[in-house]
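Here is a short report on how one protein model is packed and where it leaves open space. Look at the structure first, then read on.

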Amino acid sequence: MALRTAITRRILTSSSMVHGSRSMSSWWKNVEPAPKDPILGVTEAFLADPSPDKVNVGVGAYRDDNGKPVVLDCVREAERRIAGSMNMEYLPMGGSNKMVEETLKLAYGEDSDLIKDKRIAAIQALSGTGACRIFADFQKRFSPDSHIYIPVPTWSNHHNIWRDANVPQRTFHYYHPESKGLDFASLMDDVKNAPKGSFFLLHACAHNPTGVDPTVEQWKEMSYQFKVKGHFAFFDMAYQGFASGDPERDVKSIRIFLEDGHLIGCSQSYAKNMGLYGQRVGCLSLVCEDEKQAIAVKSQLQQLARPMYSNPPLHGALVVSTVLGDPDLKQLWLKEVKGMADRIIGMRSALRENIEKLGSPLSWEHITNQIGMFCYSGMTPEQVDRLTNEFHIYMTRNGRISMAGVTTGNVEYLAKAIHEVTKTA
């Protein structure tokens, strides 16, 4: 009897282990590989290509005229200054107060009454992506029945951000494929026809991926209509200073809305305009009715950040606050960011001139009409595939060219390849 019991226990134990093992091995059996990111996948393909002629104009990171990454002199000096005094303590949930203060001045103005009256709720964020995500979660929590209107097209990650925050998305017209410019009439129709009190995502400057921005007068018309309809404008500003070389010019859209009394939201990033790509330093701000409301809103933004990442990283915030908080370093930064913008503007002219002198039957004036890091070329996915397969030129299949990857050394080759794949279009 004792022997039979022992055998039975052994069989049950063995069976349990088998079934347990089977159960554990099946936990993730339904997980499929995620689709490759359309932007980062371009770099993977470029790196795997052994061709000495390969060109990467896909990823949105600045390069000098030799195609090399750049660390700004103002950043190097800031790092030298903070090296001996930096500690490794946690920042508060809302991040570096000094960095946030300096960042708000860029967006709202050095002498902003909104800043003086403490009407802005703001926290340090994980660059622009993190700022957008915190806002999307804030929108879902405190306006749970709202939608977000997103321009067509937009940066692909915008869709991911609001999707993962469970905010329903709608779209509004923006780009006009035939003119390769702004479809302003359709945009305004969408603004007018959206339900009152809708949320809209707007690119403050250097629209990604098109490089097409409204004019000052068009921004004023948009602001007026937003006022009529009671819409909320959330500005994603990833390129202040990097677009035109003048931070004040690049923030004009936001200032127009502020002058009209809008309570806006704003995402800011230092990836492009200070070259702090890997530091993930940015800011999220919301304009409130008064100081009391701003305190409440900031507390809720911090509560959203807490379970995500607890508190933001230190080093990038120190770099930004050191550069912007010192008059000499800030002037150096303004000079350097203008230098980056001017190089890209110069490459736009060079690319257009090189294509046109080859006798292209198409108009390429949109290359110089657009602004910022990207040129929305108008090439089809099939033409982009030919560029990759025949000429080892890499870009996203929507035809977006990262002008930062264009140099005096490759612009002629790039122009010839573009002409070759488009001349019979």
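## Two helix pairs

Helix α3 (residues 73-83) and α14 (327-356) are roughly antiparallel to each other, because an angle over 145 degrees counts as roughly antiparallel. Their angle is about 150°, and their axes lie 8 Å apart. Axes are lines fitted to C-alpha atoms, for helices over the stretch in contact, and angles run from 0 to 180 degrees between N-to-C directions. On the α3 side, D73, C74, E77, A78 and R81 make the contact; L329, L332, W333 and E336 in α14 meet them. Contact means heavy atoms within 4.5 Å. By class, this contact has five nonpolar, no polar and four charged residues. Ala, Val, Leu, Ile, Met, Phe, Trp, Tyr, Cys and Pro count as nonpolar, Asp, Glu, Lys and Arg as charged, and the others, Gly among them, as polar.

Helix α4 (residues 97-108) packs against α11 at about 80°, with the axes 8 Å apart. That makes α4 roughly perpendicular to α11, a label for angles of 65 to 115 degrees. K105, L106, A107 and Y108 of α4 touch I254, R255 and L258 of α11. Five residues of this contact are nonpolar, none polar and two charged.

## About the model

This is a predicted model: local features need pLDDT of at least 70, side-chain atom pairs count only at pLDDT 80 or more, and totals for chains, interfaces and linings use all residues. Residues are numbered from 1 along each chain as its sequence is written, and side-chain values use heavy atoms, with hydrogens and water left out. Helices (H or I, at least four residues) and strands (E, at least two) are DSSP runs, numbered from the N terminus.

## Pockets

A pocket is an open set of points on a 1 Å grid over the protein atoms alone, with protein on both sides within 12 Å along at least five of seven lines; lining residues have an atom within 4 Å of a point. A volume is the space filled by probe spheres set on the points, which are joined across faces, edges and corners. The largest pocket holds about 810 Å³. Its lining has 37 residues, and G211, V212, N369, Q370 and I371 lie nearest the centre. Elements giving two or more residues include α9 (216-229) and α15 (366-369). The lining has twelve nonpolar, 17 polar and eight charged residues.

The second largest pocket has about 580 Å³. Of its 28 lining residues, G60, T129, W155, N208 and K272 lie nearest the centre. Helices α6 (127-142) and α7 (156-164) each give two or more residues. α7 gives the most, with four.

## Cavities

In a cavity, a 1.4 Å probe fits but cannot get out. How many cavities of 30 Å³ or more does the whole structure hold? The search finds two.

Strand β7 (residues 199-203) gives the largest share, three residues.

Key
Parallel < 35°, antiparallel > 145°, perpendicular 65-115°, else oblique.
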